[in-house]
Amino acid sequence: MAGEIQSMASNMRSKMGGDTISSSTPCIFRIPSILRRHNKEAYIPNAFSIGPFHHGKKDLEDKEKIKFNYLEGLLYRTRDPETTLMECIKEIAEHETEARECYAEEIHMSKQAFIEMLVLDGCFIVELFRKDAGEIRESENDLICSTSCMLQFLHHDLILLENQIPWFVLERLFRLTRGLSETKSLLQLTLDFFDNIFSSEKSPVELDLFANQEIQHILDLIRSSLVLPLGGQQGQEESPVSWQPIPSATSIKESGISFRKVRSRSILDVKFRRGTLEMSPILIQETVEPAFRNLISYEQCYPNCPPRVTSYAILLDNLINNEEDMEELSKSGILINWLNPHDTTQFFKMLYHDAFLKEFHYQKLCGEVNEYQQKLWPKWRAFYTRNYFAKPWAIVSLIVAAIVIILAFLRTIYSMK
């Protein structure tokens with residue numbers, strides 16, 4: 001018996017060391033099954049595999065030819081294509097271990113296959129961003145720019161948590177292949193490419209916000225572009241145990257609270273001031289659900305990542321219970337909905353299900369809204385505005401009634417003299 005115990009202890013000790021313990025923190029994860037089950041399509045690529053998790057899948061293999069076409073175009077703009085390719089391979093090979101450690105599970109690919117994949121996928125992304133920004137000229141037979149659906153596929157595929165490569169890989173490949181005439185940084189090219197993911201209006205890129213920011217990958221950059229503009233606002237709050245959700249948009253309106261569209265650098269910037277809920281407009285289109293779901297999954301998986309986007313999803317779920325709530329926010333200019341209203345309502349209802357919060361970043365705001373809603377005067381004011389001042393005939397009737405009452409009062413006074 002003692003021998004068996006010693007053998008089991010030895011076996012368990014052997015599993016504690018080696019590759020199971022790493023000093024680095026992974027930043028690219030498989031989607032947990034508890035989150036994936038709500039909408040599997042929101043987490044898998046439509047056309048292009050990036051990185052190892054979906055590499056080699058048969059339904060995505062035909063797009064490898066497009067990647068090689070982009071790689072060839074990138075190399076042949078350089079003075080010495082063969083030397084440039086070898087420099088790219090050498091650069092990534094020197095950081096192979098670091099790249100592997102970015103993934104939350106062991107990558108079962110040979111050294112050669114892994115490095116070749118990173119170089120091909122990275123150069124493809126860099127070339128794509130350059131073409132999209134007009135840094136280089138598009139060819140007439142470009143299979144992405146000449147096909148209407150391809151860019152839509154890429155706006156979906158490049159934001160998936162499972163479909164990422166490390167940002168430092170992209171940066172090194174960008175630096176090695178940059179032309180003398182190019183003016184934009186990789187950071188700006190990437191933000192420009194995804195500029196309309198949450199908004200129909202182009203907003204200026206404030207690169208200074210990212211000066212001391214360590215970017216992990218493209219999805220992390222998108223999240224940072226939403227969080228960093230907030231600065232110190234809406235920092236870590238108390239435990240959400242005492243948090244009370246706010247009512248739906250229509251209920252809030254009936255209680256005397258109004259909505260106002262404001263221009264902000266981030267959709268996450270929500271404020272409550274003097275009975276008005278101020279929110280930036282958000283575009284609801286096909287890629288917004290995959291974007292939200294993958295950002296939420298990233299916040300759930302990445303250690304010590306504040307749930308800013310998850311908190312925002314909860315706030316929207318509070319506000320939108322049905323199509324009437326959607327209409328109320330649309331009238332205020334806060335929601336710009338390009339989808340079926342019913343589908344959008346259901347999307348918000350299921351958006352953050354099974355996500356866990358350690359802190360809720362709108363707890364103070366929700367408390368202020370709920371406190372204001374309990375006051376009587378805003379309710380009476382909203383009631384009279386809705387029932388007596390919303391239509392011209394109602395206003396006329398109220399004025400006539402007031403005149404009649406005043407005349408009757410004056411008549412009574414004169415009759416008493």
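Mentor: Let's begin with a term: two residues are in contact when heavy atoms lie within 4.5 Å. This is a predicted model, where local features need pLDDT of at least 70 and side-chain atom pairs count only at pLDDT 80 or more, while totals for chains, interfaces and linings use all residues. Residues are numbered from 1 along each chain as its sequence is written, and side-chain values use heavy atoms, with hydrogens and water left out.

Trainee: Among contacts between residues at least 6 apart in sequence, what share joins residues at least 24 apart?
Mentor: In this chain, that share is 73%.

Trainee: How many of the residues count as buried?
Mentor: Buried means under 20% relative accessible area (1.4 Å probe, protein chains only). Here 47% of the 417 residues qualify.

Trainee: Which residues are buried in helix 7?
Mentor: Helices are DSSP runs of H or I with at least four residues, numbered from the N terminus. Helix 7 spans residues 148–157, and its buried ones are Met 150, Leu 154, His 156 and Asp 157. Looking down the helix 7 axis, the buried residues fall within an arc of 160° (taken from the directions from the axis to the C-beta atoms), so they line one face of the helix. Their cover includes helix 3 (64–75), helix 6 (111–133), helix 9 (186–193) and helix 12 (288–301).

Trainee: What does Phe 129 touch?
Mentor: Beyond neighbours within four places in sequence, its contacts include Leu 158, Leu 186, Phe 193 and Ile 218.

Key: Buried < 20%, exposed > 50% of the residue type's maximum accessible area, 1.4 Å probe, protein only. Helix = DSSP H or I, 4+ residues; strand = E, 2+ residues; numbered from the N terminus.
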